[in-house]
Amino acid sequence: MDIEKILKELTTEEKASLCSGHDFWHTKAVERLGIPSVMMCDGPHGLRKQKGEGDHLGINESIETVCYPSASALASSFDRDVLSELGTALGKECQAEQVGMLLGPGVNIKRSPLCGRNFEYFSEDPYLSGELAASYVSSLQKQGVSACVKHFAANNQETRRMSGSSEVDERTLHEIYLPAFETVVKKGKTRSVMCAYNALNGVFASENQFLLTDVLREKWNYQGMVVTDWGAVKDRVKGLLAGLDLEMPGGPGVQDRKIVEAVKNGDLKEEVLDKAVRNILTMVRDSMDNQKADAVVDREQCADLSALLAEKCAVLLKNQGVLPISKEKKVAFIGEFAKTPRYQGAGSSHIHVAHAVGACEAAAGLGIEVTFAQGYRICEDDDTKQLREEAVKAAREAETAVIFAGLPDSYESEGGDRENLAMPENQNLLISAVAEAQPNTVVVLHGGSCMELPWIEQVAAVLCVHLGGHQVGRASVRLLYGEANPGGKLAETWPLKLEDNPSYLNFPGEEGVVQYREGIFVGYRYYDKKKMDVLFPFGYGLSYTDFRYEELKLDKCRMEDTEELTVSCRITNTGRYPGSEAVQLYVQDAGCKAIRPVRELKGFEKVALEPGESREVFFTLDKRAFASYDIGLHDWYVESGTFFIEVGASSRDIRLSGEVKVTGTLEKPVYYTKQSTVGELMKTDRGRAFIEQMMNRGQDGGGEAAKAENVKNMGEGSDKIVESMMMEMPLQSIVTFGRMTEGQPDDLLRMLNADFKGRDDETNRKV
């Protein structure tokens, strides 16, 4: 396809037409110029392709296929290879089904555990989200299928998601809510980005030039297509001007006519329209060029992969020696989820499967005999006393009781946020009653986000299988009986109670406006800074085996921020079982003047080891690992100083620590006014020299005698009081106190601000 030739032959009306969909799932074709239609489908933890011609609501039944673990589960693998395997499998299936673009992954940050769509998002941490998503996108696109990372940006709740505004300050936006998208653009090379429904700081994402052009295209050098979330367009012409290309789904043509009218009356330059059409045609061409006509899919093999990935994502939250279970033990499986597991979230990512495998079925398939008691009803949150009594009886008669519990579909879904972190009360009552009757009680948790566990001290073990795909029962049984070893780590902090969450007072906002007042302190960044107790920290997860961390090495002890630091350590499996460990590297700024988290994840590696086996694990850190975002520079800035390199098993389980002195090579310019303080002036050599000279003149040789007089007049510690007052004193006040003449501040400011030519207004504050 010769795109430039086609652009010259397209009419304005045809160009406008190409900027919206043919129907709910297809781009428009222009047959006379050989432009085909391309199909896109929902994902990313399975292919949701509608049967036959796509309807205009996108609600028709979809084909039967494979449901993989959701993003919240996948992130807990802490394993890039897991995401790569998934991307490859889905890419092959898309090829077999002639799907050119798979919508996803979703990399929005889990700002609040109440977001109803958290099961579709990876983590509260932008580094983990970005790295995993980039691995998925890269492998999917190697199969010739375009990824579409979403929802750009600050789309962190379902309440008023189509009309609300996320109010986020510049630093928070760049440190928390944009980096995962940046990684997928730069490292994953995503071919498509989906803009969000919501507004960012009052401007809707679909017409937000800052997001779609200034950041995405100019700052990150993105060359791909931008598509709306379905129905996200507010003003089509403003969208094109801002950098939006394709509107989905298709409509009655009203928007097309608006584009044509804007071109004709001069409100929209045709070259702007051409740019959007060029991006759309590039996506269409890539899809056609990469089509594999002979592609087939083995869904039985895909189901096996789904089970394997579910095993790798599961997190062992507690184990007092009851797991793994011996196959010779008499075991009772309790709970409706044991037969009909909750394995995926509701909404646009809902996958149609032929049959979901529950734990009871999986145990029978492996020749493991278990008894079953229902215990509760999923559809009811009442006191099902009779079912509970039957479950208690079954637990007493067994040697181990395994309760399958968690969040029902109605508790978390696209389109609505959760009201609290509670599980259904009938399940809580059941778990407490069974645990009282049977000390060897295990709970297997199903759900897309964190929960309150009021019975945690009563049970012997807890295994979180998240929303593990339609083979989750099979994975659960293998994990319970030790045929697989859980090696997942939590990708989000589980607080003790909802009120502990940093967004609690500002979620979901008022009248469609939500203030992100917690700033950069999201998830573990907040809990660790506050030294708050949590139920389970970020990065936490147990294993049936043990790992020893040792031999931390840094390839240099001093470096400039233009250099890279190589870090390594040795991990040894010291236990009896084969297992995998997610080794996490955090960076802590030891003396930064800016307000920063205690530590931030900047590296992770998953290592699988046999008993007694050791392996050296390597990490590479660049400037961004040490930098914070500076709003004066509008860029990343490394403040020279000492940084601690911490390696551990969670954000609160640091096993090894070293330090490196990093010199920042970017000098941050400072602009001073008469309201700048003495302390601020002391940050430059010229300012420091002047202040020290002035202070020496002011002492008039008083020395120790002057200090003694201060103590007499103001009490002990007066020297520190005087020094503190002086450091906080504005330059203008020095004149008032007689330490400078009226004209001296102007002369000093001209000297200090020599680098800011043309900026002499006193309203400018320090950058």
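Modeller: K269 is exposed, because its relative accessible area is 55%, and exposed here requires over 50%. This is a predicted model, and that applies to each value below. K269 is found in the loop that runs between helix 10 (254-264) and helix 11 (270-289). Its C-alpha is 9.0 Å from that of L241, and the two residues are 28 apart in sequence.

The largest nonpolar core has 112 residues, and the members that touch the most others are L10, Y68, L102, F122, F152 and W230. Helix 11 supplies the largest share of this core, 7 residues. A second, separate core holds 70 residues, among them A332, V442, Y481 and L490. Returning to F152, its contacts beyond four places in sequence include L178, F181, V193, M194 and C195. A196, A205, L211, L212, L216 and W220 are also touched by F152.

Now the charged pairs. Side chains of opposite charge can pair when their charged atoms come close. The model has a count of 53 salt bridges. One of them joins the side chains of E14 and R32, with an N to O distance of 2.7 Å. E14 sits in helix 2 (residues 12-18), while R32 is in the loop between helix 2 and strand 1 (40-42), so the pair links distant parts of the chain, 18 residues apart. E14 counts as buried because its relative accessible area is 18%, and the limit for buried is under 20%.

A second salt bridge is that of R117 with E414, where the closest N and O atoms are 3.4 Å apart. R117 lies in the loop between strand 2 (101-106) and helix 5 (126-142), and E414 in the loop between strand 12 (400-406) and helix 15 (425-437), so this pair ties together parts that are 297 residues apart in sequence. R117 and E414 are both buried. Salt bridges with shared partners join R117 and E414 into one network with E120, K150, E158 and R161.

D555 and K556 also form a salt bridge, their closest N and O atoms being 3.2 Å apart. D555 is partly exposed, with a relative accessible area of 44%.

T384 is another loop residue, placed between strand 11 (370-373) and helix 14 (385-397). T384 is buried, since its relative accessibility is 7%. Apart from its neighbours within four places in sequence, T384 is in contact with G375, Y376, R377 and N426.

Last, the cysteines. The count of disulfides is 0. C115 is in no disulfide, and the nearest cysteine sulfur, that of C450, is 11 Å away. C115 is buried, at a relative accessible area of 1%. The sulfur of C302 has its closest cysteine sulfur in C94, and the 11 Å between them is too far for a bond, because a disulfide needs the two sulfur atoms within 2.5 Å. C302 also counts as buried, at 9% relative accessibility.

How values were computed: Residues are numbered from 1 along each chain as its sequence is written. This is a predicted model: local features need pLDDT of at least 70, side-chain atom pairs count only at pLDDT 80 or more; totals for chains, interfaces and linings use all residues. Side-chain values use heavy atoms; hydrogens and water are left out. Helices (H or I, at least four residues) and strands (E, at least two) are DSSP runs, numbered from the N terminus. Buried means under 20% relative accessible area, exposed over 50%, partly exposed in between (1.4 Å probe, protein chains only). A nonpolar core is a set of buried Ala, Val, Leu, Ile, Met, Phe, Trp, Tyr and Cys residues joined through side-chain atoms within 4.5 Å. Contact means heavy atoms within 4.5 Å. A salt bridge is a side-chain nitrogen of Lys or Arg within 4 Å of a carboxyl oxygen of Asp or Glu.
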